[in-house]
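Thanks for coming. I will go through the charged pairs of this chain and then the contact between its domains.

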Amino acid sequence: MARTADPERAAARRDAIMRAAIALFAEQGFESTSAAEIAKAAGLSSGSVFYYFADKRAVFRALFERDLPAARELVARHATGDDPVASLLAMVDVLAADAMDPLAPGIMVELVRQVGKDPELARLITETAATQHAGFAALVERGIRAGSIDPALDPGEAAQWIQVAIDGAFLNADPDHDPRPMLRRMITRFLSRPCDHAGDHA
């Protein structure tokens with residue numbers, strides 16, 4: 001009789017593989033990490049990775065697969081808040097939270113290296129970024145209409161610069177320093193109307 005797969009056990013092993021993989025990829029790079037090393041770090045037999053993932057690239061891609069539904073949920077949750085600026089800053093807080101992870105800089109570097117080699121990964125990252133961008137742009141536009149954001153800003157361009165600031169927090173991550181207060185300060189000033197800080201240098 002064929003053995004019935006246990007979905008909970010399979011999910012737990014996939015998670016173990018992904019936890020081991022993200023540490024190894026961040027520390028020694030995607031190309032320098034073997035599937036056998038991932039399996040060993042996960043406490044599994046050497047061939048186990050390919051039972052749960054098609055190949056090593058599928059493991060790397062899986063590290064980012066949850067980001068798209070999470071981005072959609074985040075945008076939907078903050079789309080209709082009473083204060084567009086507060087909603088936008090709340091999104092920034094959520095997206096920048098993982099920058100304190102000591103693995104963040106290494107995995108971001110590997111993402112930049114690998115995204116051009118995997119069309120499915122590129123599609124996933126592009127769609128996730130586009131979802132976040134649309135959410136930020138819509139909030140900037142709402143803030144402009146409400147009079148709380150500088151009307152000279154283009155919503156799409158402003159959203160892009162907000163994303164650049166968040167990406168910078170990951171590339172310069174320090175596990176002992178929370179980048180979110182400074183991000184909030186920078187983005188708040190970037191969005192504010194000129195009259196809101198006209199007296200700063202008086």
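Glu141 has a relative accessibility of 40%, so this residue counts as partly exposed; the classes are buried under 20% relative accessible area, exposed over 50%, and partly exposed in between, with a 1.4 Å probe and protein chains only. By salt bridge I mean a side-chain nitrogen of Lys or Arg within 4 Å of a carboxyl oxygen of Asp or Glu. Arg145 and Glu141 are four residues apart in helix α8, so about one helical turn separates them. Helices here are DSSP runs of H or I with at least four residues, strands are runs of E with at least two, and both are numbered from the N terminus.

A word on the source. This is a predicted model, in which local features need pLDDT of at least 70 and side-chain atom pairs count only at pLDDT 80 or more, while totals for chains, interfaces and linings use all residues. Residues are numbered from 1 along each chain as its sequence is written, and side-chain values use heavy atoms, with hydrogens and water left out.

How many salt bridges does the rule give? The count is twelve. In general, side chains of opposite charge can pair when their charged atoms come close.

Glu31 takes part in two of the pairs I want to show. With Arg57, the closest N and O atoms are 3.8 Å apart. With Lys117, the closest N and O atoms of the salt bridge are 3.3 Å apart. That pair links distant parts of the chain, since Lys117 is in the loop between α7 (104-114) and α8 (119-146), 86 residues from Glu31. As for accessibility, Glu31 is exposed at 52%, Arg57 is partly exposed at 23%, and Lys117 is partly exposed at 46%.

There is also a network of salt bridges, which links Arg72, Glu120, Arg123 and Glu127.

Now the domains. The assignment gives domain 1 (7-62) and domain 2 (67-191); such bounds come from an automatic or database domain assignment. Their centres, taken over C-alpha atoms, are separated by 28 Å. Eleven residues from domain 1 and eleven residues from domain 2 make the contact, where contact means heavy atoms within 4.5 Å.

How much area do domain 1 and domain 2 bury between them? About 1,000 Å², with 69% of it on carbon and sulfur atoms. Buried area is the accessible area, with a 1.4 Å probe, that two parts lose on being put together, summed over both. On the side of domain 1, Arg57, Phe60 and Arg61 lose the most area to domain 2, together 53% of what that side buries.

Across this interface of domain 1 and domain 2 the rule finds two salt bridges. Arg61 also has a salt bridge to Asp118, at 2.6 Å from N to O. On the domain 1 side that touches domain 2, α1 and α4 are the elements that give two or more residues. Of these, α1 gives the most, with five residues.
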